[in-house]
Amino acid sequence: MEKHLEMIRKAHIFRGIPKEEFKVMLETLDSQLKNYSAGQVVLKSGRRVRRAGLLLEGSVEICREDFWGSRRTIGSVQPGELFAVSFAAAERAVADVTCYALTGSVVLWLNLHGIFDLRDGAGYHAALISNIMSALALQNLDLNAKLTHITRKTTREKLLSYLSEEAWKQNTDEFDIPFSRQQLADYLSVERSAMSAELSRLQKQGYFISKRSHFRLLKLQEEAE
């Protein structure tokens, strides 16, 4: 735990927590640190969720799977981000998604009801509740953004909507997306082959320059290099 304390302190959920109360707070949340290897299940659908996860290292893919095992990517988690918050806050709700570690990953699991049930007026209580609400709001905004993308009529419109949103979210016209090509196709609910062809057309038309998961968006009057 000690080697990850600095990363934990920087996480959005712990913003404004006094340093002297930090370790007591982690005990209150009954925090548990777990390591996962690439490909390992981090959270399994159909199981009750008792804790929210804070990703400290690595990358986690959020998938929805049907009865026959077909998997579709619906999101990703990067270091410093929370996941499974809604399930944990709903008091042991059953997960309807499965999360996989894409690379070797480290997750800090937190029992949110340790803070919801607190009655002693700890100094960090209000700040932590506020940060959890903020995290839920941000996740709701991400969901609304995804709905905006996937309800576009064409693959082209979905791609431009998604890339425009990423540029706005990351506050730059040059950025990496957290998806491989197949994951992006799953996320946007399109066929990979059709999406790849559309990405090629858009690049030739000067909308962006891309290499794998890296994009640089261009104004249409600029010429692609």
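Student: Before we start, what do the numbers rest on?

Tutor: The model is predicted, so local features need pLDDT of at least 70 and side-chain atom pairs count only at pLDDT 80 or more, while totals for chains, interfaces and linings use all residues. Residues are numbered from 1 along each chain as its sequence is written, and side-chain values use heavy atoms, with hydrogens and water left out.

Student: OK, Asn-131 then. Why is Asn-131 called buried?

Tutor: Buried means under 20% relative accessible area, exposed means over 50%, and partly exposed is in between (1.4 Å probe, protein chains only). Asn-131 has 3% relative accessibility, so it counts as buried. You'll find Asn-131 in helix 5, residues 125-150; helices here are DSSP runs of H or I with at least four residues, strands are E runs with at least two, and both are numbered from the N terminus.

Student: What does Asn-131 touch?

Tutor: Leaving out residues up to four places away in sequence, Asn-131 touches His-12, Ile-13, Phe-14 and Arg-15. A contact is a pair of heavy atoms within 4.5 Å.

Student: What makes Arg-51 and Asp-30 a salt bridge?

Tutor: The rule asks for a side-chain nitrogen of Lys or Arg within 4 Å of a carboxyl oxygen of Asp or Glu. For Arg-51 and Asp-30 the closest N and O atoms are 2.6 Å apart, and the pair forms a salt bridge. This pair links distant parts of the chain, 21 residues apart: Arg-51 sits in the loop between strand 2 (41-43) and strand 3 (52-57), and Asp-30 in the loop between helix 2 (22-28) and strand 1 (32-36).

Student: Which of the two labels, buried or partly exposed, does Arg-51 get?

Tutor: Arg-51 has a relative accessible area of 16%, so it is buried. Asp-30 has 37%, so Asp-30 is partly exposed.

Student: How many salt bridges are there in the whole structure?

Tutor: A search of the whole structure turns up 8. Another one is Arg-156 with Glu-198, at 3.1 Å from N to O. Arg-156 lies in helix 6 (residues 155-170) and Glu-198 in helix 8 (residues 192-204), so this pair ties together parts that are 42 residues apart in sequence.

Student: And why is Arg-156 called partly exposed?

Tutor: Arg-156 counts as partly exposed because its relative accessibility is 25%. Glu-198 has 10%, so Glu-198 counts as buried.

Student: How do you know that Glu-166 and Lys-169 are separated by about one helical turn?

Tutor: They are 3 residues apart in helix 6, so about one helical turn separates them. Glu-166 is buried because its relative accessible area is 5%, whereas Lys-169, at 45%, counts as partly exposed. Elsewhere, salt bridges that share partners join Arg-156, Glu-198 and Arg-201 into one network.

Student: How do you know that the span of helix 8 agrees with what it should be?

Tutor: The expected span is 1.5 Å times one less than the number of residues. Helix 8 has 13 residues and should span 18 Å; its end C-alpha atoms are 18 Å apart, so the two agree.

Student: What puts the buried residues on the same side of helix 8?

Tutor: The buried residues of helix 8 are Met-195, Glu-198, Leu-199 and Leu-202. They cover an arc of only 105° around the axis, so they lie on the same side of helix 8; the arc is that of the directions from the helix axis to the C-beta atoms. On the other side, Ser-193 and Lys-204 are exposed. The buried residues pack against helix 6, helix 7 (181-188), strand 10 (208-211) and strand 11 (214-217).

Student: Why is Leu-188 called buried?

Tutor: Its relative accessible area is 0%, so Leu-188 is buried. Leu-188 is found in helix 7. Setting aside neighbours within four places in sequence, Leu-188 is in contact with His-149, Ile-150, Lys-158, Leu-159 and Tyr-162.

Student: Why is Ser-180 called partly exposed?

Tutor: Ser-180 has a relative accessible area of 33%, so it is partly exposed. Ser-180 lies in the loop between strand 9 (174-176) and helix 7.
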